Protein chains: 2
Amino acid sequence: MNWPKSVTIKEVGPRDGLQNEKLILSTSDKIAWIDRLSYTGLTYLEITSFVHPKWIPQLADAVEVAQNINRNPSVTYAALVPNMKGLESALSCSVDEVSVFISASETHNKQNINKTISETFPILQEVIAAAINEGKTVRGYISTVFGCPYEGDVDYNQAFRICEKLFTMGISEISLGDTIGVASPRQVEDFLNQALKLYQPQSFAMHFHDTRGMALANIVKALDYGISTFDSSLGGLGGCPYAPGASGNVATDDLVHMFEKMNIHTGVNEGALVDSALFVQKKINKPLPSHRMAMYSHSKG
Amino acid sequence: MNWPKSVTIKEVGPRDGLQNEKLILSTSDKIAWIDRLSYTGLTYLEITSFVHPKWIPQLADAVEVAQNINRNPSVTYAALVPNMKGLESALSCSVDEVSVFISASETHNKQNINKTISETFPILQEVIAAAINEGKTVRGYISTVFGCPYEGDVDYNQAFRICEKLFTMGISEISLGDTIGVASPRQVEDFLNQALKLYQPQSFAMHFHDTRGMALANIVKALDYGISTFDSSLGGLGGCPYAPGASGNVATDDLVHMFEKMNIHTGVNEGALVDSALFVQKKINKPLPSHRMAMYSHSKG
């Protein structure tokens, strides 16, 4: 296979991972964790979400976190914003990039933000234009691309229609989300066969959850198609075998390990990554579900 | 991808799974479990190993198990045999097929059976000839093909040299084992690129452990090369996140789920598979580590 020589891993643990953890971490612990992540070799950290605290209590301290981390100039610090109010907060904290989100399925979008997909576009347009005007890049998440908890299969044309809108609005990259971890390598292949007739592989990141154990298989299939940017969460934070059935992001440490075994460069220091995982594992007070962390815990008795 | 339309899954849970479980199952529980497995649609069950009880106390009741299961005529019942004594026991129980084993790495072979690879060949030759003489087919396992716990990387030529010997002796299929779960999709690709210059994909089964989470990714890569037979263990028996670091076979239920999602026919009834997994989970008295079982447990509260 003519795989990319290097990949970019976008760490979403402090946002997508933490928002699925019940135990609320202290602001100082979040800052200390992100500061550790900043020196693992990861070049992109999604540090929080500027949503209303009633939506995601875990991330109610978004401003404090974003203002008090120590920035490594080699790292892009990004945050999720749902609307203009969120964008204003994010800009006030000088994040490097903002992310907006929308679902490929109508029902999921409605359940998530109480708006239809069509009603969501003008909101995103305003946010994206304002962010670009402030010199920021904007990333777009499309959720439920490969399946919806309410609708089941989702027509890929839904995602393509949204891609077209978002790219026209000035989005720099779209992260294609398998929100409920149902995608199989066949679906990834079918999707990318169609998508790459419309866009370059560099236009996309893939965002897999490992609910059914297929995330790494899907990532390798995406690699086959030249995709080289992947979202993940350190240790698989946000999903855990000790809370059976929980659906977590694919684990950064397992992903880095696989790429390095495949001679695909990640730039990440595995030792520093484990240190950073051990730190957050102690704070959430339960074992992280990644294979790498399970092996590490075992080797230490 | 031009994937096979159907695959054969060889269930090794009653042998490879159980032998890595500390809790000794009663003979009647093993029989009851195998009887359930016989009606899941699986067509191949490796039911035990006829080794000396001091090696694997869990399988000391090999004869009783093999003699007392209810045979489904659609299922091939196989058992591992290390030598002529084991073969005689297996034949006395009328198993359909026997398996022999050898390691690709000298040190692992020596640690495992206290013989060099060259010293092992005459033993296998005698067993294979005698089994074939009794009308049995013989399967060969090669362990540590992708890495050895003592030697690290193993030269693929070691495996090819053993393949040549075993096929010449009359082996019907070789199961290529990633005994310690280190293989990456890159290694699978490199290995198969070389191996399939020498043999047909139908000559091989792949036997992955999921220690580092790469088993399903490796299996999809093997599928890309036309391999269509895979070993697995129901529920991931023999490895468990509740015993961190344990190295288990890839889980049959996760594998079946993935194949079915990929429109690749397995012939397995997923409901019957879950029932059979729940049965053995209760007997080993701890949660099985597969993703499918974690989701099932969760959905049942």
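This is a predicted model: local features need pLDDT of at least 70, side-chain atom pairs count only at pLDDT 80 or more; totals for chains, interfaces and linings use all residues.
Residues are numbered from 1 along each chain as its sequence is written, and chains are lettered from A in the order in which they are written.

Chain A comprises 12 helices and 8 strands, where helices (H or I, at least four residues) and strands (E, at least two) are DSSP runs numbered from the N terminus. The radius of gyration of chain A, taken over C-alpha atoms, is 18 Å, close to the 19 Å that the globule rule (2.2 Å times the number of residues to the power 0.38) gives for 301 residues, so chain A is as compact as a globular protein of that length. Along the principal axes, the C-alpha atoms of chain A fill a box of roughly 55 × 45 × 35 Å.

The same surface serves both copies, since 100% of the contact residues of chain B recur in chain A.

At the interface, 34 residues of chain B are in contact (heavy atoms within 4.5 Å) with 34 residues of chain A. The two chains bury about 3,200 Å² between them, 61% of it on carbon and sulfur atoms; this is the accessible area (1.4 Å probe) lost on putting the two parts together, summed over both. The rule finds 2 salt bridges across the interface, a salt bridge being a side-chain nitrogen of Lys or Arg within 4 Å of a carboxyl oxygen of Asp or Glu. The side chains of B:Asp224 and A:Lys221 form a salt bridge with an N to O distance of 3.2 Å. On the side of chain B that touches chain A, the elements giving two or more residues are helices H8 (185-198), H9 (215-224), H10 (252-261) and H12 (291-299) of chain B.

Over all chains, the structure holds 21 salt bridges. In one of these, the side chains of A:Lys30 and A:Asp61 meet at 2.9 Å, N to O. This pair links distant parts of the chain, 31 residues apart, with A:Lys30 in helix H2 (residues 27-37) and A:Asp61 in the loop between strand E2 (44-49) and helix H3 (62-68) of chain A.

Key: Side-chain values use heavy atoms; hydrogens and water are left out.
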